[in-house]
Every structure is written in structure tokens, then in C-alpha cells.
Amino acid sequence: MRISYISKELRNGLRRNFTMTLALVISVAVSLTLFGSALLMKSQVERMKGYWYDKVQVSIYLCGENSVSLTCTGKVTDQQRADIKTTLESLEPTVQSLYYESSDQAYARFKVQFKGSPIVSSVSAAALPESYRVKLDDPAHFDVVSTALSATPGIESIVDQRKLLQKFFQILRGLQAFALAVAAAMLFVTVLLVMNTVRISAFARRRETGIMRSVGASNMSIRLPFIVEAVFAATVGATLASGTLLAVKKYVIDQRLAANISYIPFITWQEVWTLIPLLYAAGIGITVIASSLVLRRYLRG
């Protein structure tokens, strides 16, 4: 089939069904943008998870004067503090590093973190316990430290910061699942829109296709112009979606977020560029399949 014929049919089809084609382009662009955003969100969660899990610590809070824990009989003594440190140092290489923070140091850090908040005036250094901050070789080895210190006097509580991070990442994964569900719904709407657009286009040119069938034109020759129209709309929509994601990466992530938030590792350009071909493949793929199904039924009529 000649390229000139397909180009002519494409122009005619777009002119006759301009509003439907425009709606299809917008639908493809929105659905693929949501789909791509969900995948990038997944990459962002995995990147943050690997970054923060590598820096996760175990906080060992020591007994203070106001401790209400049943394991505390008063403020931790110098001997108890030394015994705790000795036990932790004996757990190498599980314990990679050990840092002691006094109540005064904890209070100084608290004032920096909550600077400008009225809560600072209601908290004193005595209200903040002494602690040991432990960096593990593997965050999964928390039980090693917990078991070794379970019967050690002077400890009020042992906190695995990984559990706090897990709750945070569970929320992010929930948002990711919601984004994927919305994207899937939009892709389904796009499939229906493709089928309606092709059906209307085929009905408008039923006389032409009838003549082609009567002169012995193959099914592919009849279907191809309609499929090309759908693929054209999908390509434009995928281009808009790709441009949107690239703009978000440059103007939102790089220039706004990454420039002001240094403690979060954001997705890289490589991850974004790797996603672009997938958007085109998804957009073109669903339009080809949907239009082919409609045309197969139409040609039987």
C-alpha cells in the first residue's frame, strides 16, 4: 500500500474526527502521565529505602530520673553506662559505630530541630534521656543488639528506627498503589475511547471500505488507515506525557526539591529516560490492540 494513500487517509480521518482524536490524545497523555508517575514513584521509594536503610540506627535510651519504665530503678549509674558500652563494643562487627549522646546534647539538638516552636520552652534537658546511637552493619541485625541488652540494667528502651521507616514507606507504597490504580482506570478509559473513535471513523467511511472490499482489497489494506490514525493519536499523547515527566524532573525535582532538600536521594535522569520508551510502547500497544479488535468485528459485518 502506498505511503501517499495512507497519509491522505490519515489527514481525512483526523479532519473528520478532530474532536474525538483530540479527546483520545488528551486521554492517552493523562493516562500515560499517571502511569509514568506511578513507576517513577516506585523508583523513588526504592531509592529512598536503600539510602535510609543504609543509615538506619538503633537508639538505646538510658534510664533517667523521671523514667517510668519497669526496667529502671533510678537514673543510670556510671557503672551501668560503662557496662552497656562494653556490651555494644563486644558485638563488632555487627555494631559498626557507636555514639553516646548526653541529655544536654539531646536538648541542644532538640532546640535546633524545633526552633521557633513553643514546645521548646516547656522541655528541659532533664526530660530528654541519655542514649547510645548504634550503626549496624545490616539493619536486619537489630535482634542481635536487642537480645544482648535485654537483661542489662540502666536501659529504658531500645528503638529500632527501621520500624519507623517501614511505616513511612508503607504509606508511600500505598500512594504508589493508588496512583497505579488510577493509571489503570485511565488506560481502560483510553481503550474504550480508542474503540469508539475507530468505530465512528469506520462508520463514516463505510462506503469507501465497502468499495475496497468489493474490488478485492485485503483486510489489512482496509484496517491499516484506521490503525494509523489511532497510533498517530497515541504517539502524540505519549509525547505529551513524556514531555510532562521530563519537565517535572527538571523544574520540580531538580530545581525545586533537590536544590532545597539534600537529605533525600531523588530519581536520576537515567531512570526517567529509561521510562520514556515504555510510555510509547504502552500507548501505541493499547491503541493497536483496541483498534484491531474493533475493526475485526466491523469487517465481519
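**View 1. Cys72 and its disulfide partner, Cys63, in a predicted model.** Cys72 is buried, with a relative accessible area of 13%; buried means under 20% relative accessible area, exposed over 50% and partly exposed in between, using a 1.4 Å probe and protein chains only. Cys63 is also buried, at 2%. A disulfide joins Cys63 to Cys72, with an S to S distance of 1.9 Å; the rule for a disulfide is a pair of cysteine sulfur atoms within 2.5 Å. By this rule the count is one disulfide. The torsion about the S-S bond of Cys63 and Cys72 is about -75°, so the disulfide is left-handed. The model is predicted, so local features need pLDDT of at least 70 and side-chain atom pairs count only at pLDDT 80 or more, while totals for chains, interfaces and linings use all residues. Residues are numbered from 1 along each chain as its sequence is written, and side-chain values use heavy atoms, with hydrogens and water left out.

**View 2. Gln44 in helix α2.** Helix α2 covers residues 18–55; helices (H or I, at least four residues) and strands (E, at least two) are DSSP runs, numbered from the N terminus. Gln44 counts as buried at 13% relative accessibility. Neighbours within four places in sequence aside, Gln44 is in contact (heavy atoms within 4.5 Å) with Ile264, Pro265, Phe266 and Ile267. The side chain of Gln44 reaches the backbone nitrogen of Ile267 at 3.0 Å. Glu271 is 227 residues from Gln44 along the chain, and their C-alpha atoms are separated by 9.7 Å.

**View 3. The largest pocket, with Gln44 among its lining residues.** A pocket is an open set of points on a 1 Å grid over the protein atoms alone, where a 1.4 Å probe fits, with protein on both sides within 12 Å along at least five of seven lines; lining residues have an atom within 4 Å of a point. The volume is about 340 Å³, taken as the space filled by probe spheres set on the points, which are joined across faces, edges and corners. Of the 17 lining residues, Leu40, Met41, Gln44, Ile253 and Ile267 lie nearest the centre. Helices α2 and α8 (219–260) are the elements that give two or more residues to this lining.

**View 4. The second largest pocket.** Its volume is about 160 Å³. The lining has 11 residues, of which Tyr61, Glu101, Ala106, Arg109 and Arg133 lie nearest the centre. The elements giving two or more residues to the lining are α4 (103–113) and β3 (131–136). The largest share, four residues, comes from α4.

Note on methods. Polar contact = N/O pair within 3.5 Å; in protein donor to acceptor, adjacent residues only side chain to side chain.
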